[in-house]
Amino acid sequence: MFLLFFSFFSTQSRAIQTYGRFSIGAAATTEKFKSVDSGSDRNDTLFSSQRFFYKVSDIGENQWEVTTDLRNKYDSFDKLNKELLQLDSKNEFQVQQLSTRMLNPNGSLSPTLGRFQIPEAGAVFVDGINLQYRLTSNWYSGLFGGLNPKQIDKTTLVSDNKATEAGAFFTYQKRTGDWETNQYLSHGLVQQKYNNQIERQFIFQNGVYQWQADSRIMSLVYLDFTPRTHVQTMYLIYQQGVSHSFSFEIGQLGIDSVEYLRRQNVLERLDPSSYKETHVRLDYRLDSDQTLSLASSVGERSADQLKRTDVSLGYRLQNFISKKWDTQFKIISRKNFTSQDNILSWSLGYFSRSYEIILDADYAIQKNDDGITTHPNNTELSFTNFFSKEIFASAVLQRSTDEAVTILGTFVKFGYRFGNQELPPIRDGAAPRGSL
C-alpha cells in the first residue's frame, strides 16, 4: 500500500524530501560468579540489533509524508522456558512505525494511517487511524482508534486483532520561536480492550510552562480507571532560577508496581511495589565554568513502608584543561531500603568536532541490614566517532563487580544517514552535560 502511495504522489511533486538512517549494533556480556550455588559460575550473553528508518515528506500540495521504522528488537525476557523454569531471550523483528500522514498546510484536518505513536495521548501506539484537527494556530485535537500493538508483558510491538483501543486528545502548544519560553498542555482519554473486555482506561496529562531559560513547571500524569482507580505514574517538577548564580528544583514522583519493576536497580531483590518520592536540588554557579549541586530525596514503598533517603553533593567543572574537557564529582550517602550506601562518583569527558570520549566510575561501600558489607564498583568507557555528517560509530566498555560477581560488557554500533534532506553539520563541540 505504501509503495503504491509513494509511487503515485512522487510524480506530483518536485520538492520531495527524503531522510533515512541505518544502524547496526552488537553487545556481549560475561557474568562470572564467585560461587557455584546456582550450578554454574557463568552467565554470558551475545546479541545483535539493527534499525532502518526512512521518511519521505513534502509529497504533493497537501504535503503527505511516509515514515518507516523497522527494528530487530532484542528482548532479554521474552518467554518462559517451562522445562528450565527461566525466561529465554529472543531477537524479534519489529515494525516500530509504518504510517502515512497528510500535513495539509492549507486546511484543518490532518489524518494519519498505519502504525504510529501518539505522544499527546500518553505515547500510545496505534495500528489504525488518527484524525487530527487544528482549531487555531495553537490549539488542536484528535480522535484515534484501531488495534493496540503494545502489550504490557512484551517489550516489542505485536499485532493482535483481539487488542483494540480508541481515544481522543486536546492539545495546546504555543509557537514562540525561541528557547527561552515554552507553553505546552495536552490531555488524552484512552480506552484499551482485549477480546471486547476493557483492559485499561486512563486519562493522560502532560504540561510544560517555561517563562525563562532556567524556570519552568513540568507535569505528567497517568490516571487509570480500569482495572482500578489509581495514579499509575506522576511527575511534578518546579525549577526556578533565583539569580544568575543560584537555582533550585523541587519534584514529586509517584509510580505503581509495574513501573517500579521497570526501574528497579539490578542489585535490588525486593518485590515490586508502588512508590512515592520527593526530591530537592540546589545549584550554585561559582563562575561560568564551575557549579556546585546539593540534592536530597526521600521515598517510600507502599508494600512494606521501606524508605529510601538520598543526600548528594556534586561539583561540575567545564573547560577543564581546555574548553573540550569537563569533569564531575559526586559524593552520595543513601539509605537504600535495606542497606546504607556511601558512594563516590567521578566522570570525565572530552568532546571535539569529530569524536567524544566519556569515562564514568563509581565506588560504593554497602552495609546491608543483615550485617554483610559489600563494595560494588562500576566503570564505563564510551567512545563515539563522527567520520562525516553521514557516518558515525560508537563503542562502550563496562565493568561491574562486588564480592559476589564480576560483569564485563561491551557494545558497538555503526550508523549511516542518507537522503536529499540537508543533514545537520558536525558540531564544533558538545554542549556541557546537564545544560540541555
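**Salt bridges and burial**

Analyst: Start with R281. This is a predicted model. In it, R281 is partly exposed, at 31% relative accessibility.

User: Which residue does R281 meet in a salt bridge?

Analyst: E249. The N to O distance is 3.5 Å. R281 sits in strand β14 (residues 275-285) and E249 in strand β13 (residues 246-255), so the bridge ties together parts 32 residues apart in sequence.

User: And E249, buried or exposed?

Analyst: Buried. Its relative accessibility is 8%, and the cut-off for buried is under 20%.

User: How accessible is R115, and how accessible is D127?

Analyst: R115 has a relative accessible area of 8%, so R115 is buried. D127 comes in at 17%, so D127 counts as buried too.

User: What about R301? Which partner there?

Analyst: D304. The closest N and O atoms of that salt bridge are 2.9 Å apart. R301 is buried at 2% relative accessibility. D304 is partly exposed at 32%.

User: Which residues are joined into a network by shared partners?

Analyst: R51, D69 and R71. Salt bridges with shared partners join them into one network.

User: Last one. How many salt bridges in total?

Analyst: The count is 13 salt bridges.

Note on methods: Residues are numbered from 1 along each chain as its sequence is written. This is a predicted model: local features need pLDDT of at least 70, side-chain atom pairs count only at pLDDT 80 or more; totals for chains, interfaces and linings use all residues. Side-chain values use heavy atoms; hydrogens and water are left out. A salt bridge is a side-chain nitrogen of Lys or Arg within 4 Å of a carboxyl oxygen of Asp or Glu. Buried means under 20% relative accessible area, exposed over 50%, partly exposed in between (1.4 Å probe, protein chains only). Helices (H or I, at least four residues) and strands (E, at least two) are DSSP runs, numbered from the N terminus.
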